[in-house]
Amino acid sequence: MADMLSTGVSGLLAAQIGLSTVSHNVANANTDGYSRQLVSFGARLPEGQANYYVGTGVNTVAVQRAYSQFLNSSLWSASSGQGRASAMNSLTGQLNNQLSGSSNLQTSLDSFYGAVQDMANAPSDAASRQVLLARAGGLASTFRALSGQFNQLSGQVQQQIGDTVDSINSDSQSIARLNGLIRSSQATDGTPPADLLDQRDALVKKLAGQVGISVVPQNDNTISVFVGNGQALVTGTEAHALGTAPNVYDATRREVVGAASGNVLSGRLGGGTLGALLDFRSNVLDPAQNQLGRTAQALASAFNAQHAQGADLQGKLGGTFFDVAGPTVQAAATNSGSGTLDASIGNIGALTGKDYVLSYDGSNWSMRDTNGGSVALSGSGTSVDPFIAAGLSLVVGGSANVGDSFRVQPSRNAAAGFSVAIDDPDKIAAAAPLKATAAAGNTGTAAPTISISDGSDANLFNSSSVVFASATSYSVDGGPAQVFTPGQPIVHNGWSMQLSGAPQAGDSFGVQANSNAQGDNSNALMLGKVANLGVLDGGVTSAGRAYGQLVSQVGSAGALASDDLTTQTAVYHQAMSSQQSVSGVNLDEEAANLLRYQQAYQASAQVISTANNIFSALLSAVRG
């Protein structure tokens, strides 16, 4: 006969487990990462009688969490995307704030060129010249301040990379430890403890927020975690640490590496905070620093060139007005030879804003840009015949070995070294050093424009006369006849005269020193036009426009980051909502379950009580 007492006890124990599970769910309703747990019951095998079977009670089959691998994987992916978007939005926001803050370069440029115009209006006025030097000093300070802020942000990024790698390693160790606990704590039917699984999933979600990962479940209920192109973070109970190492060219720049292998992973990591840090550094901050440097180089080059065409208050040719740092050359730490590299700017209009690596294969040098694209080299690399590439002039020396390389950063540190080269307002070259005049009796339409081609020529300030024997032939100071080609300048004694229009036979032009250096503003007016003078990108981009491009590219990166954050946050919330619809605790549902199990418990207790009464009555009857 079936055991009524045993059946009642099985129901009582099953209801008790149900009550305990519901209580556990309610207690963890606000626990992050907790998955509600469900009790599975199964009827015991019935006991066979003559022509029928009698049930023998209930077994508690399992206590499992409500879980969807697909939804959890989607949540981890969304967490990675949101972590990256949040970090990128914060970093680009800082960069935008620096450009729009008190060190706004456009304001300094406007103030400087305003002072140039004021000096042009009163070239002999000492006060206007002093103000111009002060504005030039302020402009230089702004360049250096912005460069310093960019460098400070770069240092912050390096620190955050190290901190994030440390956090990733800590979480990886915790996941490996939980893998061990889960494997050793599995129930006899192979079901692992639900709470340990939740703890591990919470760590995986946190890890995904720090770096893009892929998770591979194993047959023993452990998981393996990988980053990049297969770099393992966790396999079974082993954690494989990431590390940081100095960049091969720049010891102040951290690269993410595999701690055991030493292989550089920086270019292969995406997603999460770490992916954002590496992406921001390479694709936003580095180009911004280069563009700021290009702006400084363009301004210095254009202003210095025009300043050299003028004369100061003593009648001397204008010298360098702005100093600016040239290209930075960094030898690879792995170089084994004694090779050296000197780099200078040969053609500022050909600068691209990229960095380059010059490598030696044992017989030839080759050059690639930061994107890995090949760059054509001309020349032999000697001081007489330097390599020419991307606006650079490169001279190699010493004895390089196979595999040696150098990184060239044409503009990265230019703004940091931007300064005013003169401190005497009298040395500002506002006047034209020479005058070119057409004779009154000329019959042609040619009009002369004079410029300095060689300021070191000892005869520069000597008076000269250019006389045309015909429309295509001229002589200078009674010298031999020379062929005149329209559009080509006449060069003599360090000056260059360009004629617009057409000269005729008998026309003459005089060149003499400017005796009115004190009151002349010819070169000051030309200095004012430098603001809109195309210098970069083949001579189409001015310094001011280059700065505008910098503001635009940083602003665009910030806008994209903000939009991406909005999108990724929505994706994350949707993934979280979907995951919680399966795994989240619903207190109304748990209240209903609590009542159901309570009633089952009470009913089972009543069965046990009835069985006990029947047994007592039976004993009494037997005893008589």
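**Close-up 1. Helix H6 gives the largest share of the lining of the largest pocket, 9 residues.** The model is predicted: local features need pLDDT of at least 70, side-chain atom pairs count only at pLDDT 80 or more, and totals for chains, interfaces and linings use all residues. Residues are numbered from 1 along each chain as its sequence is written, and side-chain values use heavy atoms, without hydrogens and water. Helices (H or I, at least four residues) and strands (E, at least two) are DSSP runs, numbered from the N terminus. The pocket's lining has 31 residues; Arg253, Ser282, Asn283, Asp286 and Thr370 lie nearest its centre. H6 and strand E19 (405–409) each give two or more residues. A pocket is an open set of points on a 1 Å grid over the protein atoms alone, where a 1.4 Å probe fits, with protein on both sides within 12 Å along at least five of seven lines; lining residues have an atom within 4 Å of a point.

**Close-up 2. The second largest pocket is lined by 16 residues.** Nearest its centre lie Ala432, Ile450, Ser522, Asn523 and Met526. Strand E21 (434–438), strand E22 (447–452) and helix H7 (522–529) each give two or more residues to this lining.

**Close-up 3. Helix H5 (residues 194–210) meets helix H6 (residues 272–307).** Their axes (lines fitted to C-alpha atoms over the stretch in contact, with angles from 0 to 180 degrees between N-to-C directions) come within 2 Å and cross at roughly 5 degrees. H5 is therefore roughly parallel to H6 (angles under 35 degrees). Ala208, Gly209 and Gln210 of H5 contact Gly272, Thr273, Leu274 and Gly275 of H6 (heavy atoms within 4.5 Å).

Notes: Parallel < 35°, antiparallel > 145°, perpendicular 65-115°, else oblique.
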